[in-house]
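Hi,

Here is the structure I promised to send over. Have a look at it first, and then read on for what turned up.

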Amino acid sequence: MKHRAITLGALALGAALSLTTATAQAQEIGTRRRFGLGVVVGYPELGLDMNIYLTRSISLQIDPTIRTFKGDLYFGGRVDLLFWMPTIARLRFADLRWYFGPGGRLFAGHKFGAGFEFPVGIGFQFHRVPIELMLEAVPQFDFFDDGLTAWVAGAFHARWYF
């Protein structure tokens, strides 16, 4: 019985210390934790999501993606330079932040295309875990060999920071 109590106590202490460490590190997204990896889901794209903080308020978002356009499948990706604004609200479980910035895109499939975009996003950076969940609207201008297409796409990003 005594050994069980000591073992349970040691496990509880270890869990509490790890939770405290995780909490402190999760709030360091953009400073100590600069690289985020996750997924991006949106219209019309789906893919891998990477975000690298260059400073606390500037990051480089790189998304290799698969997309559909007029029934055709395309492979490519987007690269955006994001400017992070000060925290909108500090909630008990997360900080609410927003960002915007210019970007570019390349894709190939039935035909080749390139374009530019300007994502504007808002979302949560959680306190207890190094996770960021962001929702963005993305005005896009794509150039195909047969002309220009303009639209507003949307995306949801989920990233874990290391």
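Predicted model: local features only at pLDDT ≥ 70, side-chain atom pairs only at ≥ 80, totals over all residues.

A word on burial before anything else: a residue is called buried under 20% relative accessible area, exposed over 50%, and partly exposed in between, using a 1.4 Å probe and protein chains only.

Residues are numbered from 1 along each chain as its sequence is written, and side-chain values use heavy atoms, with hydrogens and water left out.

The overall picture: the chain has 1 helix and 11 strands (DSSP runs numbered from the N terminus, H or I of at least four residues for helices and E of at least two for strands). Reading from the N terminus, the order is α-β-β-β-β-β-β-β-β-β-β-β. Taking contacts (heavy atoms within 4.5 Å) with a separation of 6 or more, 50% are between residues 24 or more positions apart. The accessible surface of the chain is about 9,000 Å², and carbon and sulfur atoms hold 73% of that (Shrake-Rupley method, 1.4 Å probe; for residues, only the protein chains shown count as cover).

Now for some individual residues. Asn51 sits in strand S2 (residues 45–55), and it counts as buried because its relative accessibility is 0%. Its side chain has a polar contact of 3.0 Å with the side chain of Ser59, and another of 3.0 Å with that of Tyr161. (A polar contact is a pair of N or O atoms within 3.5 Å; within protein, one must be able to donate a hydrogen and the other to accept it, and residues adjacent in sequence count only if both atoms are side-chain atoms.) Leaving out neighbours within four places in sequence, Asn51 also has contacts with other residues, including Phe35, Leu82, Trp84 and Arg159.

His127 belongs to the loop between strand S9 (120–126) and S10. With a relative accessible area of 8%, His127 is buried too. The side chain of His127 makes a polar contact of 2.9 Å with the side chain of Asp95, and one of its polar atoms lies 3.3 Å from the backbone oxygen of Arg92. Ile29 is 98 residues away from His127 along the chain, yet their C-alpha atoms are 9.5 Å apart.

Gly77 is in strand S4 (residues 72–84) and counts as buried at 18% relative accessibility. Residues up to four places away in sequence aside, Gly77 touches Asp63, Pro64, Thr65, Gly104, Arg105 and Leu106.

Last, the inside space. A cavity here is a set of points on a 1 Å grid over the protein atoms alone where a 1.4 Å probe fits but cannot get out, and its lining residues have an atom within 4 Å of a point. Points are joined across faces, edges and corners, and volume is the space filled by probe spheres set on them. There is 1 cavity of 30 Å³ or more, and the largest cavity holds about 50 Å³. Among the residues lining it are Tyr43, Glu45, Arg78 and Gln140. Strands S1 (35–43), S10 (131–144) and S11 (147–161) each give at least two residues to that lining.

Cheers

Notes:
1 Å grid on protein atoms, 1.4 Å probe; cavity = no way out; pocket = protein on both sides within 12 Å on 5 of 7 lines; lining within 4 Å.
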